[in-house]
Amino acid sequence: MSADLSVVFTGIRFENPFLLASAPPTESESNILRAFEAGWGGVVTKTIGLHPVVNVAGAKTKFLRSDIETPRISMKNRPASVLHSSWNWELISDKPMDWWVGRLSKIKKAHPSKVLVASIMAGSGSDKELHNWQLLTKACQNEGVDALELNFSCPHMDRDDMGSNIGKSQGLCSVVTQAVKEVAKVPVWCKLTPSTTDIAVEAGAAFRGGADAISSSNTFPSIPLIDPETLEFEMSVDGYTSSGGLGGPAILPLALAKMSRMTRAFPDKSFSGIGGVSDFSHALNYFLLGCGTVQVCTAAMLDHAIGPNVIRTLKQGMAEFLEKNAHRGWRSLEDFRGLRRDNVVPQSQIRRPNPDEYHGGHEAEGYAAPEPAPELSKKA
Ligand SMILES: Cc1cc2nc3c(=O)[nH]c(=O)nc-3n(C[C@H](O)[C@H](O)[C@H](O)COP(=O)(O)O)c2cc1C
């Protein structure tokens, strides 16, 4: 009997827990159809908005590689190097909503058992913009999408009332989620930015607004490296660069730390893990921390644009893992999801060589009493 990889996440059945994340792999009808045929359990569309989108003049995405023999990290293509990360400053889909209407329903009809999630984005801070979130919600759900993912996380929007600027504000996370929930008939996932002090704060705000799940992480804010020969940024337009987003292998431990904060704070809520996944051993980290699905971008971009080999190895890896652990009675993701969530603890709770002598970095009796203030000289 072949392994059962299916999961139920936010009430939706997935034939496997692996999705293509919102990005170039999910920007066209043909790519999404190919992705479903290749075996992905779901896709999140490239983010759809209502405002005009004009990308920078020049390349939008490049890949950083580490040399195997030297410490060099560079975007230059060269032999004997391995993937370090992706770097992009691409905006959301430059295709208007009208382009997506008709296509989303066609995709869903062609693959009714696959999960189609629409990623959407509008501005914030005015009733008109909240209304735009509602227009996008209604337009996508009328097309038959299974869920919505609210993009509160793009780190390099040209407008400062959008993307990660929403994700950095508890108030906006709540208000926008609530506006969407007022009209949504399908589950609503909020994709949060990793660039805040404590992501659990914004997750809590999104849950208070009614979010059914949190997706994390989007790319991490970063700038391209400077070429030591030309002294130019490796990616620039007219010599100028700007903050963009780092994805791929380099962000896996960073994104896991963000996820761990949230799954510990909200053990009963739903989370979709994103960041640095290219095989099952990576995805397993997110599952063991409590995630119910995992999304992939960089690895798929580098594998025939939609990741046919990546999804094959993810599914095979999960099937082999279930088989290897069958003796523990594990039959599905639910049997091992969250198994290591509570093993992430504050530093002070990690055992010391002499536990009796350790007091969390403090003196045995608590803080030492402050030194008495020196007597002020009475002489004038
Ligand atoms: C070129 C590029 C474009 C992206 N566009 C979007 C987007 O439109 N909406 C979104 O929510 N995330 C977008 N992302 C972020 C990815 O969905 C994902 O969160 C991130 O790349 C981390 O996953 P990874 O390490 O598998 O690449 C984009 C990423 C890249 C590399």
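Which elements do the buried residues of α9 pack against? The notes below start there; the model they describe is predicted.

1. **Helix α9 and its surroundings.** The buried residues of α9 pack against α8 (252–265), β14 (270–274), β15 (293–296) and α11 (308–324). Helix α9 itself covers residues 280–289, and the residues buried in it are H282, A283, N285, Y286, F287 and L289. After α9 comes G290, with a positive phi near 120 degrees.

2. **The pair α8 and α9.** The axes of α8 and α9 cross at roughly 15 degrees and come within 9 Å. An angle under 35 degrees counts as roughly parallel, and therefore α8 is roughly parallel to α9. Their crossing is right-handed. On the α8 side the contact is made by L252, L256, M259, S260 and T263, and on the α9 side by H282, N285, Y286 and L289. Sorted by class, the contact of α8 with α9 has five nonpolar and four polar residues, and no charged ones.

3. Helix α4 (residues 127–142) packs with helix α6 (residues 170–183) at an angle of about 40 degrees, and the two axes are 9 Å apart. That angle makes α4 oblique to α6. The crossing of α4 and α6 is right-handed. From α4, the contact takes L130, W133, Q134, T137 and K138; from α6, it takes V176, A179, V180, E182 and V183. The residues of this contact of α4 with α6 comprise six nonpolar, two polar and two charged.

4. **The pair α1 and α3.** How far apart are the axes of helix α1 and helix α3? They are 10 Å apart, and the helices, α1 at residues 29–38 and α3 at residues 103–110, pack at an angle of about 20 degrees. The two are therefore roughly parallel to each other. The crossing of α1 and α3 is right-handed. E29, I32 and L33 of α1 meet R103, K106, I107 and A110 of α3 in the contact. In the contact of α1 with α3, four residues are nonpolar, none is polar and three are charged.

5. **The largest nonpolar core.** The largest nonpolar core has 90 residues, and the members that touch the most others are L20, L148, C190 and I214. Take C190: leaving out residues up to four places away in sequence, C190 touches L150, F152, C173, T177, A206, A211 and I214. I214 is therefore on both lists, as one of the members touching the most others and as a residue touched by C190, which counts as contact because the C-beta atoms of such a pair lie within 7 Å.

6. **C297.** Is C297 buried or exposed? C297 has 25 other C-beta atoms within 10 Å, and it is buried because 20 or more are needed for that. C297 is in the loop between β15 and α10 (298–301). Neighbours within four places in sequence aside, C297 is in contact with A21, A23, P25 and G247. C297 and S86 are 211 residues apart along the chain, with their C-alpha atoms separated by 9.5 Å.

7. **A cis peptide bond.** Most residues other than glycine have a negative phi, and most peptide bonds are trans. The bond joining S216 and S217 is cis, with omega about 15 degrees. S217 is in the loop between β11 (213–216) and β12 (220–222).

8. **Positive phi outside glycine.** A80, though not a glycine, has a positive phi of about 55 degrees. A80 is in the loop between β6 (73–74) and β7 (81–88), and is exposed, with 9 other C-beta atoms within 10 Å. D238 also has a positive phi, near 55 degrees, and is a residue other than glycine. D238 is in the loop between β12 and β13 (244–247). With 6 other C-beta atoms within 10 Å, D238 is exposed.

Technical notes:
Residues numbered from 1 in each chain as written. Predicted model: local features only at pLDDT ≥ 70, side-chain atom pairs only at ≥ 80, totals over all residues. Axes fitted to C-alpha atoms, helices over the stretch in contact; angles between N-to-C directions. Helix = DSSP H or I, 4+ residues; strand = E, 2+ residues; numbered from the N terminus. Parallel < 35°, antiparallel > 145°, perpendicular 65-115°, else oblique. Left-handed = near helix turned anticlockwise from the far one by under 90°. Contact = placed C-beta atoms within 7 Å. Nonpolar A, V, L, I, M, F, W, Y, C, P; charged D, E, K, R; others polar. Core = buried A, V, L, I, M, F, W, Y, C linked by C-beta atoms within 7 Å. Buried ≥ 20, exposed ≤ 12 C-beta atoms within 10 Å, placed from the backbone.
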